There are 2 protein chains.
Amino acid sequence: MSLLFIREEEAQKLIDMPQAIAAVEQVFRSLGNQEAQNVPRHRVQVPGVMLHSLSASVTPLGYVGWKNYITTRTAARFHIALYDQEGHWVALLEADWLGQLRTGAASGVTTAKLANPEAKSVAVFGSGKQARTQLEAVCAVRPVQQASVYSHTAANRESFALEMSDQLGISVLAAPDPATCLTDKEIVITATTSQSPLVTGDLLKPGMHINAIGSNALNRSELSADCFSRINQIVCDDLNSCRNEAGDFVEPLKAGTITWGSMASLAELLTENKNQRECKSDITLFKSVGMAIEDIAVAAHVYEAAKEQGVGTVLDI
Amino acid sequence: MSLLFIREEEAQKLIDMPQAIAAVEQVFRSLGNQEAQNVPRHRVQVPGVMLHSLSASVTPLGYVGWKNYITTRTAARFHIALYDQEGHWVALLEADWLGQLRTGAASGVTTAKLANPEAKSVAVFGSGKQARTQLEAVCAVRPVQQASVYSHTAANRESFALEMSDQLGISVLAAPDPATCLTDKEIVITATTSQSPLVTGDLLKPGMHINAIGSNALNRSELSADCFSRINQIVCDDLNSCRNEAGDFVEPLKAGTITWGSMASLAELLTENKNQRECKSDITLFKSVGMAIEDIAVAAHVYEAAKEQGVGTVLDI
């Protein structure tokens with residue numbers, strides 16, 4: 001048996017954000033049409049090492065596959081595998097950057113659907129790798145001209161501002177506090193590892209769209225509970241996954257401000273227009289914890305491009 | 001990063017059934033002591049191809065890992081991965097035979113605990129690969145002298161009888177029907193893919209121990225519902241997994257003959273003596289659907305032996 005091993009630096013040359021957004025939108029449409037299956041993340045651990053496992057199938061793409069990744073106190077290593085329609089294991093991909101790309105792409109798909117079309121300003125919370133692909137994705141679907149970034153460490157937000165201004169060709173400024181970061185912004189990204197909320201209800205403005213992607217554990221939240229009485233529409237990447245992982249929802253669910261029945265999945269938004277923006281002043285929220293179908297989407301694109309261009313290393317196993 | 005790839009024919013030289021039984025018993029004890037975690041099997045599919053994913057951690061062994069396998073109409077391919085205490089992906093193993101070995105080993109562990117000590121006769125239903133390691137495991141823990149085998153196709157049961165007599169040095173006879181197969185037997189193995197039960201309640205005798213391992217889907221059962229009013233003790237490899245997959249339990253649960261509360265897990269049997277045999281005439285049942293901790297147990301043994309003996313292929317990925 002031989003399979004194609006694709007390194008991260010090879011993958012980066014085979015897919016860009018607009019391609020990732022198109023690929024991720026397609027798999028969510030497949031999911032809405034009952035042509036894809038997604039298994040939420042499961043975790044097991046020994047002291048100091050956690051294994052995270054996800055799997056999915058996408059019939060129109062003709063692949064089943066998994067993502068497994070390891071996190072330790074100092075490192076994280078991600079791999080995606082694809083099996084084709086004959087059941088052959090055809091590809092193994094390094095998937096750290098691919099994971100950031102697909103999480104950005106899912107926010108891109110949703111922002112294109114939920115944010116006001118003319119939105120041109122973005123507030124970013126967090127200055128890590130995920131924050132970068134989030135901003136890139138939003139810029140790919142809206143005419144963004146300016147952004148501001150807040151994170152706890154001044155040096156980090158300043159280098160983020162500098163680098164992302166350069167990469168995206170827009171003005172990105174480092175903000176000294178959350179309130180300044182949010183002033184006059186139409187789209188909000190939270191991509192932090194903060195355990196306590198940075199965004200509070202009083203800072204939200206009518207018409208805002210929020211992509212909250214930082215928490216995928218029930219003990220971490222980026223939005224304070226009082227935000228939820230102001231949010232009109234909530235769309236989740238996956239309701240099952242969010243039940244396991246969306247820390248942002250714990251308090252407002254307990255308080256009764258929101259219910260699972262009031263939320264829609266991204267697949268439902270795309271295929272049934274469920275929970276779409278109803279008016280310009282609505283505040284909309286996309287809550288994303290990450291799904292294996294997104295991994296399969298970008299991995300399939302990369303694998304097929306790699307085959308076509310002769311990229312990657314054949315492993316005979 | 002480099003990891004050790006171990007082929008099936010290499011693994012076969014690095015572990016035998018007694019070693020597998022010892023390894024599997026240890027991980028179930030770890031599970032009972034809250035030193036291991038097991039995620040039940042999840043499945044996704046595209047037409048014609050199903051991906052099955054399991055994962056587990058075993059702290060005393062110092063590994064986390066997964067098993068992923070693909071089944072199609074004509075083939076099945078299994079792989080196990082191990083990650084060490086530093087979070088490094090250290091091993092990838094072909095695991096078709098290893099899966100048969102560990103399933104046999106789990107039955108060996110349970111038979112050693114539940115079957116009457118002097119049991120020396122075995123009825124085997126099914127003549128496939130899983131049936132072989134089941135019989136081998138039972139022979140490893142009880143003084144078996146004779147066995148009989150029944151499967152639908154005469155040629156299959158006859159070749160099983162011939163080959164297993166030779167391999168195990170005991171008398172194995174092909175039986176023309178289930179009743180003949182069960183006559184005067186003390187241990188019963190069901191390892192079929194039958195959708196409808198082969199073993200009915202009237203055929204059970206006091207003192208029997210049964211290992212039922214063939215069904216891991218809710219629409220397949222090897223034991224008829226009327227068996228369950230005669231069975232005194234039920235032990236499951238894993239109660240969560242059996243809720244998802246033990247087709248044998250569907251009818252008797254519906255009828256109220258058994259309840260989940262009346263069953264014990266193998267970990268509970270080993271560490272708390274829960275649901276152990278109470279008297280010589282008890283009929284005991286081990287229901288096994290397969291668990292990732294068993295895969296980690298045998299894979300860890302094989303990987304460590306391979307490292308020591310310089311076996312396997314280093315993959316630089």
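**Exercises on the interface of chain A and chain B**

In this predicted model, 39 residues of chain A are in contact with 39 residues of chain B.

**Exercise 1.** Determine how chain A can be laid on chain B, and state how the two copies are related.

*Solution.* 

**Exercise 2.** State what area chain A and chain B bury between them, and which residues of chain A lose the most area to chain B.

*Solution.* 
Step 1. The two chains bury about 3200 Å² between them.
Step 2. Of this area, 71% lies on carbon and sulfur atoms.
Step 3. On the side of chain A, the most area is lost by A:Val44, A:Val46 and A:Ile317, which together account for 17% of what that side buries.

**Exercise 3.** Find how many salt bridges and how many residue pairs in polar contact link the chains, and describe the side of chain A that touches chain B.

*Solution.* 
Step 1. Seven residue pairs are in polar contact between chain A and chain B, counting pairs with both residues at pLDDT 80 or more.
Step 2. At least two residues of this side of chain A come from each of β2 (36-46), β3 (49-58), β4 (63-72), β5 (76-83), β6 (89-94) and β15 (313-316).
Step 3. Sorted by class, this side of chain A has 19 nonpolar, 14 polar and six charged residues.

How values were computed: Residues are numbered from 1 along each chain as its sequence is written. Chains are lettered from A and ligands numbered from 1 in the order in which they are written. This is a predicted model: local features need pLDDT of at least 70, side-chain atom pairs count only at pLDDT 80 or more; totals for chains, interfaces and linings use all residues. Side-chain values use heavy atoms; hydrogens and water are left out. Copies are superposed by least squares on the C-alpha atoms of residues with pLDDT of at least 70 in both. Contact means heavy atoms within 4.5 Å. Buried area is the accessible area (1.4 Å probe) that two parts lose on being put together, summed over both. A polar contact is a pair of N or O atoms within 3.5 Å; within protein, one must be able to donate a hydrogen and the other to accept it, and residues adjacent in sequence count only if both atoms are side-chain atoms. Helices (H or I, at least four residues) and strands (E, at least two) are DSSP runs, numbered from the N terminus. Ala, Val, Leu, Ile, Met, Phe, Trp, Tyr, Cys and Pro count as nonpolar, Asp, Glu, Lys and Arg as charged, and the others, Gly among them, as polar.
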